[in-house]
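Subject: Structure handover and findings

Hi,

Here is the structure I promised to pass on. My notes follow below it.

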Amino acid sequence: MDKLIELNEGLDTALFYGVNNQNILVLKNQHPDVRIIARGYQIKVSGSEKAIEKFSHNLTLCEQFCLEHNVLDEGRILQLIHGEQPNDSLDDNLILHGVSGKMIVARSLNQQRLVDEYDHNDLLFAIGPAGSGKTYTAIALAVRALKNKEVKRIILSRPAVEAGEKLGFLPGDMKEKIDPYLQPLYDALQDMIPSVKLTDYMERGIIQIAPLAFMRGRTLSDAIVILDEAQNTTIPQLKMFLTRLGIHGKMIVTGDLTQIDLPASQRSGLKDAIERLQDIRGIAIVEFNQKDIVRHPLVSKIVTAYAKEPTQTPDK
């Protein structure tokens, strides 16, 4: 089925489509079941009747918002599609400006909640599914704190290999052994800090990235410390990590309780900590969900599918 959609002639198409058609690419990614050809004030859509109807509805929401506010970007498109009302200005959601002036913003309600809770708590837990922006938002908060001289160091950590961190069997020196497990943290930092400055920060120890085992025996003062993939820590490991918090320090612990890789005999330290610490003043727990997912739209569907019990079929 094909449908030709006529945009309002009062619309600034350059603004609506975005630089290098970035806004249209966002809409395409959010509607993988339709084919879109956009030219001037006409958009041709191909797909099933249901898929076209959904796309047309979301397109209209974006069109009306652009007409009223004379602005449109990825963050607002995602908010409109997810049923949220964007602010007149995303400056309210701005965390910091990253490399080349890129706006690093809170793109969902729970990402914004994490930003808000950061101002009032020294220990935060960000729990939720893959792609919901937990770690990225946490690192953005850390970089902002460093730029504003609120802290002297950023320390990022995650369990290196499953829960046991058995690095000895991997080739290379220690950095080569752990780098693959820490790459997602590097990726986020490279969005926010120019490469030359990032290298300088890491060489001077202002930004440190290390596996969880390296936290033992340290007191982390004047620092913001982030532990990623915390669902794969044991109870003693997470207790050890949390008790490293020093004066003028903050901690953010992120994890997904549906992706625990620990042996069945071991309880997740993250799950245990949330139950123990939820009523303590100064500690905040922010729970993310599928609506916060800002990766490819299929990620949300995959997360939902895996949350259901699989249909059992007899072996052939």
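Which residue forms a salt bridge with glutamate 275, and how far apart are the closest N and O atoms? The partner is arginine 267, and the closest N and O atoms are 2.7 Å apart. Please keep in mind that this is a predicted model.

**Salt bridges**

Stay with that pair for a moment. Glutamate 275 has a relative accessibility of 44%, so it counts as partly exposed. Arginine 267 is partly exposed too, at 35% relative accessible area.

The structure holds eleven salt bridges. Two others are worth a look.

- Arginine 76 meets aspartate 73 through their side chains, with an N to O distance of 2.6 Å. Arginine 76 has 4% relative accessibility and counts as buried. The cut-off for buried is under 20%.
- Arginine 204 pairs with aspartate 200 in a salt bridge, with 2.8 Å between the closest N and O atoms. Here arginine 204 is exposed, at 55% relative accessibility. Aspartate 200 is partly exposed, at 30%.

As background, side chains of opposite charge can pair when their charged atoms come close.

**The three-stranded sheet**

Next, the start of the chain. Three strands make an open sheet in the order E1-E3-E2, and their pairing is antiparallel. Strand E1 (2-6) and strand E2 (35-39) are the edges. Each has a single partner strand, so one side of each has no neighbour in the sheet. From one strand to the next, the twist averages 15 degrees.

E1 pairs with strand E3 (residues 42-46) over five bridges, in the antiparallel sense.

Threonine 60 and isoleucine 5 are 55 residues apart in sequence, yet their C-alpha atoms are 9.8 Å apart in space. Threonine 60 belongs to helix H3 (residues 49-69). At 33% relative accessibility, threonine 60 is partly exposed.

**Strand E6**

| Partner strand | Sense | Bridges | A bridge pair |
|---|---|---|---|
| E10 (residues 250-255) | parallel | five | leucine 123 with methionine 251 |
| E11 (residues 283-287) | parallel | five | alanine 126 with valine 286 |

In general, strands of a sheet pair through backbone hydrogen bonds, either parallel or antiparallel.

**Cysteines**

How many disulfides are there? The count is zero, with the test set at sulfur atoms within 2.5 Å. Take cysteine 62: its closest cysteine sulfur is in cysteine 66, at 8.9 Å, which is too far for a bond. Seen from cysteine 66, the closest cysteine sulfur is that of cysteine 62, at the 8.9 Å already given. Cysteine 62 is buried, with 0% relative accessible area. Cysteine 66 is buried as well, at 3%.

**A nonpolar surface patch**

One last item, on the surface. Leu298, Ile302 and Tyr306 form a nonpolar patch there. Together they have about 370 Å² of accessible area. Isoleucine 302 sits in helix H11 (residues 297-307). With 48% relative accessibility, isoleucine 302 counts as partly exposed. The limit for exposed is over 50%.

**Where to look**

1. Arginine 76, a buried residue with a salt bridge to aspartate 73.
2. The patch of Leu298, Ile302 and Tyr306.

Best wishes

Methods:
Residues are numbered from 1 along each chain as its sequence is written. This is a predicted model: local features need pLDDT of at least 70, side-chain atom pairs count only at pLDDT 80 or more; totals for chains, interfaces and linings use all residues. Side-chain values use heavy atoms; hydrogens and water are left out. Two strands pair if DSSP finds at least two bridges between them. Helices (H or I, at least four residues) and strands (E, at least two) are DSSP runs, numbered from the N terminus. Axes are lines fitted to C-alpha atoms, for helices over the stretch in contact, and angles run from 0 to 180 degrees between N-to-C directions. Patches are made of residues with over 30% relative accessible area and no salt bridge: like charges are joined within 9 Å, nonpolar side chains (Val, Leu, Ile, Met, Phe, Trp, Tyr) within 5 Å. Accessible areas come from the Shrake-Rupley method with a 1.4 Å probe; for residues, only the protein chains shown count as cover. A salt bridge is a side-chain nitrogen of Lys or Arg within 4 Å of a carboxyl oxygen of Asp or Glu. Buried means under 20% relative accessible area, exposed over 50%, partly exposed in between (1.4 Å probe, protein chains only).
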